[in-house]
Amino acid sequence: MVRETFQALIGNINSSMTFTVVAGLFILLALVSSASIPSKKVLPGIPELKGIPILGAAPIYLKYGMPELLSRLIAIGTDGISYANVVNNVLVSVHDPAMVREVLAYPEDIASREGNVERMSWSPFWTLRRLIGHSLFNYVGPETSHQRNVFIREFNANKANAEKFIMMTKIAHEHAYILTGEAQSAEVDDIRYSADNFAIALWGETLYGNPEHHVGGKVLSLSRTIVDLAGNPWPSVWYSLQLYLNMVNPGDPTRSESRIRSRVYEVVKRNIIRLEEYERENPEAPLKTIRTLSVMTGGGRSGPLSEFASEFTNLNIFGGHHSIGLDVTWALIELSKHPNCLAKLMTEINSVDIEDFASVNSKMPYLDAVLMEINRLHPTVHATLRVINRDTKLASSPKPVTLKAGMLIYLSYLHIHTSESYWGPTALDFDPDRFLGGYDKSKPFMAFGYGPRNCVGYRFAILAAKVYLATLLNVYRVDVKDHDHVVKLGTLLETTKPVAVKVTRR
């Protein structure tokens, strides 16, 4: 009866009633699900963040988001682990480096990003799949290793990145000089917008021969929407309600999610048209990277892309450019607050040929150290998640712990990167020197992930950030206007406000 009534009325609910209706139905769902909520501690001896009856910590989760819930769990989990019940879900924070490494090293039959397909967990990776379709993020099975190796060959290998370097520097120069045009100086409202557009244009040229991929702002806007939804708890709640009311089949997108997916497909369609134009106009040119990925996974040298390559075209709308743009943005913020570090970096930039791949890739140790320190203090992906697929003992825990099937395990990179327990009393200070000559491997650093599902393209992203940052600083004196920028924790680690700068030609 509830299902039928809701289905009849859903089209008539106005926006002012939406929150009340959803909250009420969420409580109904909680009551229906309450039989599955443990009546005793599910992790004996492990600190539990207490909530309210039936809902548990759901009010914190839904009002403030996962970052706030995670920070509260970390605060009570002094031994590196704690948990909370959220309706019938158990959310576990694992924030001890050894335990984080153990969880990330689990094979997919023990833990994966989505969990059991039949259970439809509240993993944000399920939301992402509904928005962009199947992708490398949720690949499982024996083919995963081959698919990852295809990416590694194209984006993490020096040979492949060297081949992309001339194109990368060309786009960096174009986007740097756009900032002032013919003028000597200019006010830039948000340097991240400029850095993101450089990264989007770079991906467009790399994959499709489309350096105008950023024009019009559609990709940036769509990507922002996907990022916000993927990290927001409400889509998972809303989806759970619709599943309960038989309004959607498990795994299928909702109507609003389908509209976003259609926007993704429209962007991809335009890129494929541009790729085919490029291939017709340049028949003797090397293959663009998306075509290479296609050929390496069973596609032809022309015509439709392989299934694997097609799925990456969707994924690239969501990911790829954020880390580049945010690395550049946070670097400019920190360098502006630490003029001695900026002076060291400028000395290095002026001493090498920044248009030579070998120099930028391996002869700029201070630039490397700056970006490593940026990724320690400001990791773009500040936390990740695994869903437990079958009961397993957490061997590295000092207390007996059995992680049970269905538990959502959150892993905070930001905490282990900035804790004085691991990095000493200067853990919160910006100090690139700590990475000069390598770094102490006993200190936890996981900005690019860890284990069998670490980032397959981080070398390409770091190279791109190095090229654009070095180009900006070589062409301009960059003055960040405000020095009060602080971290905003959402799906990504961002700034709370635009980063306005003044750029003046040297």
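**Salt bridges, a sheet and a helix**

Mentor: Lys481 and Glu187 are joined through their side chains in a salt bridge, with 2.3 Å from N to O; the term stands for a side-chain nitrogen of Lys or Arg within 4 Å of a carboxyl oxygen of Asp or Glu. Because Lys481 sits in the loop between β9 (476–480) and β10 (487–489) while Glu187 belongs to strand β4 (residues 185–188), this pair ties together parts that are 294 residues apart in sequence. Helices (H or I, at least four residues) and strands (E, at least two) are DSSP runs, numbered from the N terminus.

Before going further, keep in mind that this is a predicted model, in which local features need pLDDT of at least 70 and side-chain atom pairs count only at pLDDT 80 or more, whereas totals for chains, interfaces and linings use all residues. Residues are numbered from 1 along each chain as its sequence is written, and side-chain values use heavy atoms, with hydrogens and water left out. The mean pLDDT of the chain is 90, and 91% of its residues reach 70 or more, pLDDT being the predictor's confidence in each residue on a scale from 0 to 100. Two stretches call for caution: pLDDT stays under 50 over residues 1–18, and it also stays under 50 over residues 31–39.

Three strands form an open sheet in the order β4-β12-β9, with antiparallel pairing, where two strands pair if DSSP finds at least two bridges between them. The edges of this sheet are β4 and β9, each of which pairs on one side only, and neighbouring strands are turned by 15 degrees against each other on average, direction ignored. In general, strands of a sheet pair through backbone hydrogen bonds, either parallel or antiparallel. Here, four bridges join β4 to strand β12 (residues 501–505), and the two run antiparallel; Ser185 stands opposite Thr504 in β12. Helix α21 (residues 458–475) lies across β9 and β12 and runs at about 100 degrees to β9; axes are lines fitted to C-alpha atoms, for helices over the stretch in contact, and angles run from 0 to 180 degrees between N-to-C directions.

Glu494 forms a salt bridge with Arg192, and the closest N and O atoms are 2.5 Å apart. Glu494 lies in strand β11 (residues 493–495) and Arg192 in helix α9, so this pair ties together parts that are 302 residues apart in sequence. Glu494 is buried, at 4% relative accessibility, and Arg192 is buried too, with a relative accessible area of 12%. The pair belongs to a network of salt bridges that links Arg192, Asp196, Arg224, Asp228 and Glu494, and the structure as a whole holds 25 salt bridges.

Helix α9 also packs against another helix. The axes of α9 and α15 come within 8 Å and cross at roughly 145 degrees, and the crossing is right-handed, a crossing being left-handed if the near helix is turned anticlockwise from the far one by less than a right angle, and right-handed if clockwise. The α9 residues that meet α15 include Arg192 and Asp196, along with Phe198 and Trp203, and their partners in α15 include His322, Val328 and Leu332; contact here means heavy atoms within 4.5 Å. Within helix α15 (residues 322–337), Glu334 and Lys337 lie three residues apart, about one turn of the helix, and their side chains meet in a salt bridge of 3.9 Å, N to O. Glu334 is buried at 5% relative accessibility, whereas Lys337 is partly exposed at 35%.

Leaving aside residues up to four places away in sequence, Glu205 touches Met167, Ile171, Asn210, Pro211 and Lys288. Of these, Met167 is 38 residues from Glu205 in sequence, and the two are 8.1 Å apart in space, C-alpha to C-alpha.

Conventions. Buried < 20%, exposed > 50% of the residue type's maximum accessible area, 1.4 Å probe, protein only.
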